[in-house]
Amino acid sequence: MLAATVRVTRDLDLAEECVQEAYAAALDGWPGGGVPGSPVGWLTTTARRRAVDVVRRERVLRAKLPLLVVPEEAEVAVEPGVGDGADCVPDERLRLIFMCCHPALGQEAQLALTLRLVCGLSTGEVARALLVSEPTMAARLTRAKKKIATARIPYRVPEAADLAGRLRGVLGVIHLLFTAGHAAPSGASLMRADLLDQGVHLARVLNELMPGEGEVRGLLALLLVTDARRRTRVDSQGRLLRLDQQDRSQWDHAAIAEAHELLNEEPSRGRYVLQAAIAAQYAEAPTFAETDWARILALYDELLAAWPSPVVALNRTVALAEVAGVERALLAIAELETEGRLAGYQYLPAVKADLLRRAGRDAEAAVAYREALALTSNEAEREFLSSR
């Protein structure tokens, strides 16, 4: 709805207002008149009509006040999709992601704005996804919107030739959207199926749109092979199951095969291709005991060189413990704690706790588990940590 409306308004705040007014109209009218046959269609049409009315009123105002100088680039087209490159991007949500990933905005602002407005994550959930505090994220979102307004950044879909310049931000948004579904930031369930499905869908559409981009294929392969385990990540009561407890016969082997084919077609070694290769190593092992940890560690080393992320360094410690021993992995954890870049990230104390437990240091492990519990809002993860 927001994507359809912003193409009329070219203004995010105004589009949000129009969408909210459509919901208010539904709450007012539907109880007495009944729910329409297509509720989403009704809401979207109502929001867009409201947007068209506002835009037309502004045009009339400008016509009646000739002394009011309005820069030419601020003119707004009422008809969406005309001359704005809309035909280049076939999915409405993906169009808005490309719009928000304008190169004039910094990478972090692109990710924050898009996850909040397009993907529907709360400010707190976006903050956790980007490893910052909620007040910091709220300020970042405000600054991003202000920059859009003051710099008169146009809200239109880029032309085909300009898509590549925004691709990095779009890939990051889709990956973080899927990640928020894979491990929901809050709530009773471990996963959010709606975000998982959206992430895979957007990656597929993007791959069809830009089939020559290796990192697009890598992202699609990563999401497919990760999502292949969805049915086995929790038991019938919704309790989290570790990788060694999952029934591999229930994995989506068609998705794993598709990911494998995508990786075989891609000779490049970018961030998403390497992440997909690591996930494929877990998925293609016949049993947990037969996991090729040495190969996974080598891939993590390659990924860390290509993308020096502290989260990658943390994930690498899991493979390091299997190859070089738990104590080596704990030393790596200590280095990450000293750096401080993962302060407040719940998976750092969770991984540390498991390593300490394996080392027989139970009292220290309990402290680390409690620290992880204090940072975790997802109830399935909290139950798992409590049981450990």
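Predicted model: local features only at pLDDT ≥ 70, side-chain atom pairs only at ≥ 80, totals over all residues.
I began at Lys-145, which is partly exposed with a relative accessible area of 26%; buried means under 20%, exposed over 50% and partly exposed in between, with a 1.4 Å probe and protein chains only. Residues are numbered from 1 along each chain as its sequence is written, and side-chain values use heavy atoms, leaving out hydrogens and water.

**Salt bridges**

Which residue forms a salt bridge with Lys-145? I found Glu-16, with the closest N and O atoms 3.0 Å apart; a salt bridge is a side-chain nitrogen of Lys or Arg within 4 Å of a carboxyl oxygen of Asp or Glu. The pair links distant parts of the chain, since Glu-16 sits in helix H2 (residues 12-33) and Lys-145 in helix H7 (residues 134-150), 129 residues apart. Helices here are DSSP runs of H or I with at least four residues, strands are runs of E with at least two, and both are numbered from the N terminus. Glu-16 is partly exposed too, at a relative accessible area of 25%.

Next I looked up Arg-204 and Glu-258, whose side chains meet in a salt bridge at 2.7 Å, N to O. Arg-204 lies in helix H9 (residues 193-209) and Glu-258 in helix H11 (residues 253-264), so this pair ties together parts 54 residues apart in sequence.

I also noted a salt bridge between Asp-244 and Arg-242 (3.3 Å, N to O), and a network of them linking Asp-197, Asp-227 and Arg-230. The count by this rule comes to 18 salt bridges.

**Helix H14**

I then checked the length of H14 (residues 310-324): at 1.5 Å a residue, its 15 residues should span 21 Å, and the end C-alpha atoms are 20 Å apart, which agrees. The expected span is 1.5 Å times one less than the number of residues.

Where does H14 bend? I get about 30° at Val-318, taken as the angle between axes fitted to the seven residues ending there and the seven starting there.

The buried residues of H14, including Val-312, Leu-314 and Arg-316, pack against helices H13 (293-306), H15 (326-339) and H16 (347-358), with contact meaning heavy atoms within 4.5 Å. At the N-terminal end, Ser-309 caps H14 with a side-chain oxygen 3.1 Å from the backbone nitrogen of Val-311. Just after H14, Gly-325 takes a positive phi of about 105°.

Conventions:
Polar contact = N/O pair within 3.5 Å; in protein donor to acceptor, adjacent residues only side chain to side chain.
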